[in-house]
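Trainee: Could we go through this one together, one question at a time?

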Amino acid sequence: MKRILSVLMENAPGALSRIVGLFSQRGYNVDSLCVAPTDDPSLSRLTIVSHGDDKVIEQITKQVNKLVDVLKVTDLTDGSHVERELMLIKVATRNELARAEVKRNVDIFRARIVDVHSSNYTIEITGTSDKLDAFSQTIAQSTEIIESSRTGVCGLARGEKALRP
Amino acid sequence: MKMMSGAAMVVQALKDVGVEHVFGYPGGAVLDIYDALFAQDDVKHVLVRHEQAAAHMADGYARSTGKTGTVLVTSGPGATNTLTGIATAYMDSIPMVVLSGQVPSQHIGEDAFQETDMVGCSRPVVKHSFLVKRAVDIPEAIAKAYYIAGSGRPGPVVVDLPKDIVNVQESHPYVFPESVAMRSYNPTRKGHPKQIKTAVKALVAAKRPVLYVGGGAIAANADALVTKLAERLNAPVTCTLMGLGAFPGTHPQFIGMLGMHGTLEANKTMHNSDCILALGARFDDRVTNNVDKFCPHANIIHVDIDPTSISKTVNAHIPVVGSVDTVVEQIFSVLDKQDVSDQKEKLEDWWKQIDQWRSRKCLNYEQPEDVIKPQRVIESLYRHTKGEAFVSSDVGQHQMFAALYYPYLKPRQWINSGGLGTMGFGLPAAMGVQFAHPGATSVVVTGDGSIQMNIQELSTCLQYNLPIKIISLNNRALGMVRQWQDMIYKGRHSHSYMESMPDFVKLAEAYGHVGIQVNHLDELEDAMARCFAEKDRLVFMDINVDQNEHVYPMQIKYGAMDDMRLSKTERT
Ligand SMILES: Cc1ncc(C[n+]2csc(CCOP(=O)(O)OP(=O)(O)O)c2C)c(N)n1
C-alpha cells in the first residue's frame, strides 16, 4: 500500500544520505522523495512516498525515527492531509491543432503554460500524483511529451496537527 | 579560555570524556594528533599491528567494562581497515568511538593521497558519524560522539578529522561542553506504565513462562534484577549467545543457551511456553529458526530499548520500549504489590516437564581415549580457571563449545562476536579485556582458522606484556564450514581444509611467548595446569582436537525452534 511519510530532521551535512542509505540498505522502496529546508533553516522537512505492507511501513517509520539526525516522523496517509506534487512538462506544439488541444487540456486541469517556444510549450501543474499522471496520459494522446520533471509528493497534515521540534 | 591546536583539542577532549586507553595506529593524516599524544601521559595509547585489531580491542575493552572503547587511525587504508571491527561492534550494540584522520578539507573530493569517504564507507554500520569541519567544533563533536555511542542502544560512532583542522601550528579557543543535549536524540529508558501492568498480568497468569535474556540485559547492567525477577517468578531462564552471563550459568533455573546450537531444554521450553518475556533480545534468525513455526502458544512480551527491534521478525503481543534495568524495576513496582508466593506450586508441572527434557542430557558426548574432544578442553578450561576467567572467542565450532560447556557466572565475562560472526575477533578482544582488567585471567578460545586472521597481534601482546592464554582447538580444518559440508553437501569438503598449518608453538615462540602443544588426552590436564601457572607470560596452547566432531544440538533448517539434531544420528 502507498504511504506518505513526513520527516523532520536536522539540516546537517550527511543527514539526507543517511535516510537514502537506510532505504537501500534495508531494501525499502522509495517511490518519491521531496526535501528542502523549513522556515527554520536548521531543520529540513522530507516527504517520502513508499509502499509495503503494514509491517514494513512500521519498520520504516521506526528505522527512520532511530536515525540520530531525525526529530520526528509521521505517517500522513491515514489522517486527513494535504498532498501536492509539482510537474514541469514540455510538450510538442508543432501545429495549430496541437496547440489548441494542449491549451484546452491545460485549462481543464488548471495547469499553467509557463514557457512558450515555436515548437513546444512548457507547462506547470500541481496536484496529487494521480492528477499529474492523468494529465500526462491525456496530453500523450494528443501530442508528444518531450520531457518532464516531477518534484515528488510533499504533504502536511490538516488542522492542528504539525511536526515541530 | 584555553587556546590550543586542533590536535591538542582532540587529546584534551578525550581526557575530558574520561578516556584512559586509545587503540590505534599512526599515519600521515593523524601525525599532529600523535604528536599531541606524545606530550602527555593521561591517555594511554596502545600501538596495534593492524587497525582491524584496534577496533576489536576497543570492542573487547568496552564489552568487558561497559565503557566506550576508543580507536584512532589514519585516513584511507587505516580507516577502511577498521570497518570490520566497526561492523562487529554495530551488530552487537557495543559502544565505540573511532577517530579517523582525513585528508585536508580543501582536498576532500579530489581523490587525494589516502583519501576515502570514511563517513560514507562506514554509514551502514555506525550509529552515527561526524565529519568535523572546524577546529573549534572538535570538543563538541567528541563529547557528542561519546554520548551517542554509550547511551540508548549503544553502538559505534565515527569522528572524521580532516588534517587541516588538527594542524598543530594554529590555536583556537577550547570549550568542552558541560553537558550534551540533542533535540533529535532522546532515547527512551522507561517503559510505558500501562504496558508494564499488562506484562505483569500476563506473567503472573502464565502456566509455562520463560525468560529469554539477551545482550540488552548486559548492556543495561540488569543481571541482578533479572535474577531477582526469575527467582520471584520461579521461571526458567534461557540466554542468547549475547546474553550469556546475564543470569548465572550454574543457577538451578538456568536451562542453557537457546537457538541454533541451543540446548534441547531451552528450545523445548521456548516452543512450549505460554508466555515469553524477552529482555533485551532481538529474535535473531539464529534463535527463532523458521519464524512461521516460532513458539505457537506464547504470549510474547518484548522489552527492548530499540523500538526497531520490536516486531521486526516476530510479532510482540506486549511490546515495552525501554531499558531492561528500568523496565524490570517497573515490573517489580507492580509485582511487589501482589502475592506471588504460589509460583512454586503453580509451575510445578512446568518444571517437571522441563526436568524431563533436561534428563536427555543433550550436551553429553563420548570421549574415547585416542582423540581429544573439543568439549573436554572447554570443561578442563572451566576447571583450571575456576569459572572466573574472561573468555573471548573467535568464530566457529570452538565458539559454540565455549558458549555451551563453560557456564558463565557473571555478565561481561563471555566476549564474542555474536551478530557479525567475525573470525579474527578473539585475540584482539581478549587483549582489550586484559588492558581493562590487568590482573584478571583473559583467555581466548579460538580455532586454527580464526587465530590466523589477527595473529600479528601476538607482537602487540609482547610489547605490552599481556599474559593472555590462547586455547586453540586445532582441528586442521575450518570446522564449522566442514560440519555444514558434512551435513548438507554430502561431505564434500570444498576448501574447508587447511593444508599447510604453521607450527603454532614455534610461531608463539618466535613472537617471544610460550607455546604448548597437546596431542594426547592424557597430556591435557598437565598442559592446562602449566598454561595457567605461567602468570606473566602469554601462552599459546595448540591442542589437537577431533577433526570430525560436530556441534550438537543443532536446529533443523525451516523447522520450529525445537526441531533439532541431537547427534550425527539422532533427531527430536
Ligand atoms: C571473517 C570471516 N570469514 C569467514 C567466516 C565463515 N566461517 C564461519 S566459521 C568458519 C570456520 C572457522 O574455522 P576455525 O577458526 O578453525 O574454527 P572451528 O570451526 O574449526 O572451530 C568460517 C570460515 C567468518 N565467520 N568470518
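Trainee: In S7(A), which residue is the bridge partner of Val116(A)?

Mentor: Quick ground rules: this is a predicted model, where local features need pLDDT of at least 70, side-chain atom pairs need 80 or more, and totals for chains, interfaces and linings use all residues. Residues count from 1 along each chain as written, chains are lettered from A and ligands numbered from 1 in written order, and side-chain values use heavy atoms, without hydrogens and water. Now, strands (DSSP runs of E, at least two residues, numbered from the N terminus, as are helices, H or I, at least four) pair if DSSP finds at least two bridges between them. S6 (residues 112-116) and S7 (residues 120-127) of chain A pair antiparallel over four bridges, and in S7(A) the partner of Val116(A) is Tyr121(A).

Trainee: How are the planes of Tyr212(B) and Phe283(B) arranged, stacked or edge-to-face?

Mentor: Rings of Phe, Tyr and Trp (its six-membered ring) pair with centres within 6.5 Å; planes under 30 degrees apart are stacked, over 60 edge-to-face, the rest tilted. Here the centres are 5.0 Å apart and the planes 85° apart, making the pair edge-to-face.

Trainee: How far apart in sequence are the parts that this pair ties together?

Mentor: Tyr212(B) sits in strand S9 (residues 209-213) of chain B, while Phe283(B) is in the loop between strand S12 (275-279) and helix H12 (285-288) of chain B. So the pair ties together parts separated in sequence by 71 residues.

Trainee: And Phe401(B) with Tyr405(B), what kind of pair is that?

Mentor: Their ring centres are 6.2 Å apart. The planes are at 55°, so the pair is tilted.
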